Amino acid sequence: MTKINWKGLSKSMYYDMDGKPIDDVLAWAKMFENKNRLIKQEYILGKLVFLSSVWLGIDHSFTFAGKPLIFETMGFCQLCNEEFIMDRYSTKKETIEGHKKIKKGIIKLFIEHLINKHLLRR
Ligand SMILES: [Zn+2]
């Protein structure tokens with residue numbers, strides 16, 4: 001399946017973990033069920049945060065140029081179950097590096113979330 005923009009440029013919507021386009025949505029669905037799409041998932045800060053990095057396989061980029069964004073890291077607050085950090089990547093390698101980088105800076109991000117979402121809430 002492809003998406004087409006107003007200039008007539010087209011781009012595949014689905015990609016495997018190696019970044020190769022997939023035409024068959026059922027093939028994508030089968031890959032999506034595979035546990036190896038979970039790149040890294042862990043609880044941190046004494047289980048206050050769940051940090052999850054996964055392969056999505058659906059291009060989340062908004063442009064028709066450049067590499068597709070098919071991996072994602074999300075950080076969820078376990079007090080409210082909301083995501084407070086998200087980043088997307090093109091490759092598994094970038095995802096592993098991105099996950100580590102977010103984990104390193106998570107205390108600052110989580111404190112900002114606590115203040116904005118939990119302490120300043122009226
Ligand atoms: Zn929260």
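This is a predicted model: local features need pLDDT of at least 70, side-chain atom pairs count only at pLDDT 80 or more; totals for chains, interfaces and linings use all residues.
Residues are numbered from 1 along each chain as its sequence is written.

I begin with the overall layout. The protein chain holds three helices and eight strands; these are DSSP runs numbered from the N terminus, with helices being H or I of at least four residues and strands being E of at least two. In sequence order the pattern reads β-β-β-β-α-β-β-β-β-α-α. Along the principal axes, the C-alpha atoms of the chain fill a box of roughly 50 × 35 × 25 Å. Of the 122 residues, 15% are buried, where buried requires 20 or more other C-beta atoms within 10 Å of the residue's own, exposed means 12 or fewer, partly exposed lies in between, and C-beta atoms are placed from the backbone. As for contacts, defined by C-beta atoms, placed from the backbone, that lie within 7 Å, 45% of those between residues at least 6 apart in sequence join residues at least 24 apart.

I turn now to the sheet. Four strands form an open sheet in the order β5-β6-β7-β8, with antiparallel pairing; two strands pair if DSSP finds at least two bridges between them. Its edge strands, each pairing on one side only, are β5 (38-44) and β8. From one strand to the next, the twist averages 10°; axes here are lines fitted to C-alpha atoms, for helices over the stretch in contact, and angles run from 0 to 180 degrees between N-to-C directions.

Let us take the pairs in turn. Between β5 and β6 (residues 49-55) there are six bridges. Lys40 has Ser53 of β6 as its bridge partner, and Glu42 stands opposite Leu51 in β6. This pair is a hairpin with four residues between the strands, and Leu45 in the turn has a positive phi of about 55°. Seven bridges connect β6 with β7, and Val54 is partnered there by Glu72 in β7. Finally, β7 (residues 71-77) and β8 (residues 83-89) are joined by six bridges, with Met74 partnered by Met86 in β8. Five residues separate the strands of this hairpin, in which Asn81 takes a positive phi near 65°.

Which residues make up the largest nonpolar core? They are Tyr14, Tyr15, Trp55, Ile70, Phe71 and Tyr89; such a core is a set of buried Ala, Val, Leu, Ile, Met, Phe, Trp, Tyr and Cys residues joined through C-beta atoms within 7 Å. Beyond its neighbours within four places in sequence, Trp55 is in contact with Met17, Arg37, Ile39, Ile70 and Phe71. Tyr15 lies in strand β3 (residues 14-15), and counts as buried because it has 24 C-beta neighbours inside 10 Å. With the same exclusion of neighbours within four places, the contacts of Tyr15 include Lys20, Gly57, Asp59 and Ile70.

Helix α2 (residues 92-104) lies across β5, β6, β7 and β8, and runs at about 25° to β7. Helix α3 (residues 106-119) reaches 18 Å from its first C-alpha to its last, close to the 20 Å expected, the expectation being 1.5 Å times one less than the number of residues. Among the 14 residues of α3, the count of buried residues is one, so this helix is hardly covered.

Conventions
Two residues are in contact if their C-beta atoms, placed from the backbone, lie within 7 Å.
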